Amino acid sequence: MMDKGGSADLLIAGIGGAAGGTYNHVSLEGVSRINGPVTAMTFTGNGRMRLGGSLTVEQIETNGDLKIGGGLRIGTMKHDGLLKVDGGLLGESFTLNGVADIKGDCELEKFTAEGVVTIGGFLSAGCVELVLQGQAKVKELGVESLVIRKGESGVWNKLAGGIIPKLRAELQARVIEGDFLDLEFTTAEVVRGAVIIIGEGCSIGRVEYRDRLTVHPGASVGMEEKTGE
C-alpha cells in the first residue's frame, strides 16, 4: 500500500505539534497538531488530534476528536469519538463508534459504524453494517451486503443532538444498490438489488428487486418492480 522507507517515529505527549512527513509509527497523546500530510505504517492516538493534510496509514487506532484536513487512506482503522475528514476515505476495513463526517467518497471492503455518519459522496463497499444513533446521510450507496439497524439511545445520539438539530435515528440516501439489502429506518428515493428486506421505519420511493422482496407492514414503499436477471 505504501513505501516502507520511512523509519522515524513521531511521538507527541501532552500539548505539541510536528511537521508532516513519512513515519514508521505515529503516537499522539493529549492535544496535538501535525502541519501537513502524513504517511505512516501505524498510527495510534488519544485526545484532540488535528492533521493539516491527508493521512495514509496501514493500521490506525484512535480515540477522541480527530480531524484530517485532506483525504484518508487506510488498511484498517478503528476510531471511537468524533471524526472529520475533509476529503474521501479509501481502504480495507473501517470501524467507528461515534460521529463521523466524511466530505468525499468512501471506498472500502468493510464499513462498520455505530453512531452518526455523514458521507458527502458515494459509499462503495463490500459489506456495510450501520447501527444508527441519530440521523445518518449518505448520497448514494453501492454495496454487496448492507444491514441497517436502529441502536439504543446512547452517548452519540445525545452528542449529535447537541451538534445538529435533534432528529430521529434514520439513514437518508438518494439511491441504495446491492446484492443483499436489509434495511430499517431508512429513507431513500430508489432501492435496487437482488434480495431486499424493507423493515420497520422505512420510507422508500421505488424498489427494484431481482430475486426476493420482503416489506414490513409498518414500512412505506411507493412502487415495487421485479426486474430480470
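**Salt bridges and charged patches along a chain of strands**

Arg50 and Asp65 pair up in a salt bridge, with their closest N and O atoms 3.0 Å apart; the term covers any side-chain nitrogen of Lys or Arg within 4 Å of a carboxyl oxygen of Asp or Glu. The pair links distant parts of the chain, since Arg50 sits in strand E1 and Asp65 in strand E2 (residues 55-68), 15 residues apart. Strands (E, at least two residues) and helices (H or I, at least four) are DSSP runs, numbered from the N terminus. The model is a predicted one, where local features need pLDDT of at least 70 and side-chain atom pairs count only at pLDDT 80 or more, while totals for chains, interfaces and linings use all residues. Residues are numbered from 1 along each chain as its sequence is written, and side-chain values use heavy atoms, with hydrogens and water left out.

The cut-offs here are under 20% relative accessible area for buried, over 50% for exposed, and partly exposed in between (1.4 Å probe, protein chains only). Leaving out residues up to four places away in sequence, Arg50 touches Ser32, Arg33, Ile34, Asp65, Leu66 and Lys67, where contact means heavy atoms within 4.5 Å.

Now for Arg48, which is also found in strand E1 (residues 9-51). Arg48 is partly exposed because its relative accessibility comes to 41%. Its contacts, leaving aside neighbours within four places in sequence, are Gly30, Val31, Ser32 and Asp65.

Patches are made of residues with over 30% relative accessible area and no salt bridge; like charges are joined within 9 Å, and nonpolar side chains (Val, Leu, Ile, Met, Phe, Trp, Tyr) within 5 Å. Lys and Arg count as positive and Asp and Glu as negative, with His and the chain ends not counted. Each charge is placed at NZ of Lys, CZ of Arg, CG of Asp or CD of Glu. A patch of negative charge turns up on the surface too, gathering Glu92, Asp105, Glu107, Glu109 and Glu144. One of its members, Glu107, is found in strand E5 (residues 106-132).

Back to the pairs. Side chains of opposite charge can pair when their charged atoms come close. A search of the whole structure finds 10 salt bridges. One of them joins the side chains of Arg149 and Asp182, at 2.7 Å from N to O. Arg149 lies in strand E6 (residues 135-150) and Asp182 in strand E7 (residues 170-183), so this pair ties together parts 33 residues apart in sequence. Arg149 is partly exposed, with a relative accessible area of 29%, whereas Asp182 counts as buried at 11%.

Strand E7 has a part in another pair. The side chains of Arg210 and Asp179 meet in a salt bridge at 3.8 Å, N to O. Here too distant parts of the chain are linked: Arg210 is in strand E9 (residues 203-215) and Asp179 in strand E7, 31 residues apart. Arg210 is partly exposed at 28% relative accessible area, and Asp179 is partly exposed at 43%.

The C-alpha atoms of Met223 and Arg206 are 4.6 Å apart, though the two residues are 17 places apart along the chain. Apart from residues up to four places away in sequence, Met223 touches Gly205, Arg206 and Val207. With a relative accessible area of 43%, Met223 is partly exposed.

Finally, the chain as a whole. Its secondary structure comes to one helix and 10 strands, following the pattern β-β-β-β-β-β-α-β-β-β-β along the sequence. Of its 229 residues, 47% count as buried. Among contacts between residues at least 6 apart in sequence, 15% join residues at least 24 apart. The chain exposes about 10,300 Å², and carbon and sulfur atoms supply 49% of it. Accessible areas come from the Shrake-Rupley method with a 1.4 Å probe; for residues, only the protein chains shown count as cover.
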